[in-house]
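Have the sequence and the model open as you read.

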Amino acid sequence: MVFRPRDLASRMAGRRKPDDGYLRETFTLPRDKARARARDFLDRYPKAAYMSSVESWRELPDGAIEFTMRRLASAD
């Protein structure tokens with residue numbers, strides 16, 4: 001059986017605990033827009049309050065960037 005990288009990514013995503021308290025958003029954008037979107041996300045949800053981060057990213061064959069941002073649902 002032949003596996004593609006997308007198959008591996010799907011399998012790994014299926015193992016993630018859905019109830020770990022984080023909200024996730026996945027984006028697929030050109031490189032410059034992806035960088036701006038990630039920066040905007042981190043400005044709106046600072047790491048100190050929301051534990052925000054880029055959870056994963058990859059470059060697609062067309063040059064676009066697919067990335068997942070995560071943050072806590074609310075800050076205390």
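## Arg-37 and its partner

Arg-37 is partly exposed, at a relative accessible area of 22%; that label covers the range between buried (under 20% relative accessible area) and exposed (over 50%), using a 1.4 Å probe and protein chains only. Its side chain meets that of Glu-25 in a salt bridge, 3.9 Å from N to O. The rule here is a side-chain nitrogen of Lys or Arg within 4 Å of a carboxyl oxygen of Asp or Glu. Arg-37 sits in helix α2 and Glu-25 in strand β1 (residues 22-29), so the pair ties together parts 12 residues apart in sequence. Glu-25 is partly exposed as well, with a relative accessible area of 30%.

A word on the model: it is predicted, so local features need pLDDT of at least 70 and side-chain atom pairs count only at pLDDT 80 or more, while totals for chains, interfaces and linings use all residues. Residues are numbered from 1 along each chain as its sequence is written, and side-chain values use heavy atoms, with hydrogens and water left out.

## Other salt bridges

How many salt bridges are there by this rule? The count comes to eight. One of them pairs the side chains of Glu-55 and Arg-70, at 3.7 Å from N to O.

Arg-58 forms a salt bridge with Glu-66, and here the closest N and O atoms are 2.9 Å apart. Arg-58 counts as partly exposed, at 30% relative accessibility. Salt bridges with shared partners also join Glu-25, Arg-37, Asp-40 and Arg-44 into one network.

## Overall layout

The protein has three helices and three strands, where helices (H or I, at least four residues) and strands (E, at least two) are DSSP runs numbered from the N terminus. Along the sequence the pattern reads α-β-α-α-β-β. Buried residues account for 22% of the 76 residues.

Contact means heavy atoms within 4.5 Å. Of the contacts with a separation of 6 or more, 57% come from residues 24 or more positions apart.

## Around Leu-29

Leu-29 is in strand β1 and counts as partly exposed, at 23% relative accessibility. Leaving out residues up to four places away in sequence, Leu-29 touches Ala-34, Arg-37, Ala-64, Ile-65 and Phe-67. Leu-29 and Phe-67 are 38 residues apart along the chain, and their C-alpha atoms are separated by 8.6 Å.

## The second largest pocket

A pocket is an open set of points on a 1 Å grid over the protein atoms alone, where a 1.4 Å probe fits and protein lies on both sides within 12 Å along at least five of seven lines; lining residues have an atom within 4 Å of a point. Which residues line the second largest pocket? They are Arg-31, Ala-34, Arg-35, Ala-38, Val-54, Trp-57, Ile-65 and Phe-67. The elements giving two or more residues to this lining are α2 (31-44), β2 (53-59) and β3 (65-72), and α2 gives the most, with four.

The lining divides into six nonpolar residues, no polar ones and two charged. Here Ala, Val, Leu, Ile, Met, Phe, Trp, Tyr, Cys and Pro count as nonpolar, Asp, Glu, Lys and Arg as charged, and the others, Gly among them, as polar.
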